[in-house]
Structures are given as structure tokens and as C-alpha cells.
Amino acid sequence: MSATRPRPRRLINGVIEDVDASVLKLGPEFDVKQVSHDGEEMPLIALNLSEVRLLMMAAMRQRRREMNGQGGGYDDMEQDDMDEEELLSSNQIVRKTQEYLSIFARFRDEDTVSAVEHILKTPENADLHPFEIAQLGSLSCEDAEEAKTLIPSLANKKSDQELQALLDSLRRYG
């Protein structure tokens, strides 16, 4: 991607807003501090594909339990032996989303997703934006150069050696 290429523009509330991921200008929904519906300030949560996959699977299991009259909570989720295919909803959008996540989610089980989140949220990575953390957890970058190409905002935050060490740590789980 050329550095002089115009960035995508979005229409928000009748105003055209430039979006530029290289400087983390991602739009109001990616502000680090969000305001909830009740006016409270809350931190931005950006999920990687593996986290989204786990949440969707848990929601579908819960829905299945409720439809079968079992009630149940999220606690017995791991004891549920349903496979992904069985849990796919009849809703085409949900089904297509789940198919996408089954293909592209890097990390499969809850323990691995938790370990990856722990690595990405260590104190030495405190300078990373939630969007960058989600991208690092979703993309399978081989080296620091590739990561900085795909996530340009990392260029000013991590040296190649620091970023490579982080990528190597993530690769051990995927």
C-alpha cells in the first residue's frame, strides 16, 4: 500500500471523516474510552477472531440449552460435547460468520485464547491500542516487517526485535 494513497472516508452524522489505521484514526467506535448508554465511561474492548469464535460458541450453546429447556449457565459449557457444525444456527448471517471464524480464528480452545490474551496484555505491551492487540491476536504474521506492514501503527511502538519476540511467543500457541 502506497503511503500517498488516499485513505477511506466514512460518513458519520452527515460529516465525512477520514480513517487512517496507520495512526489509529479508526473512528469514534474505536476511541480508547467509550461512553455507555447510561453515560458511564468504559474502556474499549476489541476482540480477536479467536475470542469472537469462543463467545459465539458459548452463546449458541446457551441458546440451545434454553431451547431444550435445560436452563444451564456458561459454567457447564466445556462439558457440552456439541461440535461446531452441530451448533450452527439456521440464521444465514450467523452461520456464515461462524464458518468464517472456524477458518480464520488462530487459537481454538479457551486456555490458549486466555494465554494469548495474557501475552498481549503484559506490562511491556501496555502501549498497544486495543485494536492493535486484537489484530496481533488475529493475524498470523511471520516476522516484524509483515506485522508492521499489516498493522502500520506498530512501527513507532515496537522495535523489530521486540515485535519479533512477541510474534514468536504467539506462534507457540497457534
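**Overview of the chain**

The chain contains 7 helices and 4 strands, and the coordinates come from a predicted model. In sequence order, these elements follow the pattern β-β-β-β-α-α-α-α-α-α-α.

**Burial, surface and contacts**

- Of the 174 residues in the chain, 35% are buried.
- The accessible surface of the chain amounts to about 11,400 Å², and carbon and sulfur atoms contribute 51% of that area.
- Among contacts in the chain with a separation of 6 or more, 51% are between residues 24 or more positions apart.

**Packing of α1 with α3**

- Helix α1, which spans residues 49–67, packs against helix α3, which spans residues 92–104, at an angle of about 135 degrees, and the two axes lie 9 Å apart.
- Because angles over 145 degrees count as roughly antiparallel and those from 65 to 115 as roughly perpendicular, the pair α1 and α3 is therefore classed as oblique.
- The crossing of α1 and α3 is left-handed.
- On the α1 side the contact involves L49, V52, R53, M56, M57 and M60, and these residues meet V94, T97, Q98, Y100, L101, S102 and F104 of α3.
- Sorted by class, the residues in the contact of α1 with α3 comprise 9 nonpolar, 3 polar and 1 charged.

**Packing of α1 with α4**

- Helix α4 covers residues 110–120, and its axis comes within 10 Å of the axis of α1, with the two crossing at roughly 140 degrees.
- That angle makes α1 oblique to α4.
- The crossing of α1 and α4 is left-handed.
- The residues that make this contact are S50, E51 and L54 in α1, together with E110, V113 and E117 in α4.
- By class, the contact of α1 with α4 is made up of 2 nonpolar, 1 polar and 3 charged residues.

**A backbone feature in a loop**

- L24 is located in the loop that runs between β2 (15–18) and β3 (33–35).
- The phi angle of L24 is near 60 degrees, which is a positive value in a residue other than glycine.

Technical notes: Residues are numbered from 1 along each chain as its sequence is written. This is a predicted model: local features need pLDDT of at least 70, side-chain atom pairs count only at pLDDT 80 or more; totals for chains, interfaces and linings use all residues. Side-chain values use heavy atoms; hydrogens and water are left out. Axes are lines fitted to C-alpha atoms, for helices over the stretch in contact, and angles run from 0 to 180 degrees between N-to-C directions. Angles under 35 degrees count as roughly parallel, over 145 as roughly antiparallel, 65 to 115 as roughly perpendicular and the rest as oblique. A crossing is left-handed if the near helix is turned anticlockwise from the far one by less than a right angle, and right-handed if clockwise. Contact means heavy atoms within 4.5 Å. Ala, Val, Leu, Ile, Met, Phe, Trp, Tyr, Cys and Pro count as nonpolar, Asp, Glu, Lys and Arg as charged, and the others, Gly among them, as polar. Buried means under 20% relative accessible area, exposed over 50%, partly exposed in between (1.4 Å probe, protein chains only). Accessible areas come from the Shrake-Rupley method with a 1.4 Å probe; for residues, only the protein chains shown count as cover.
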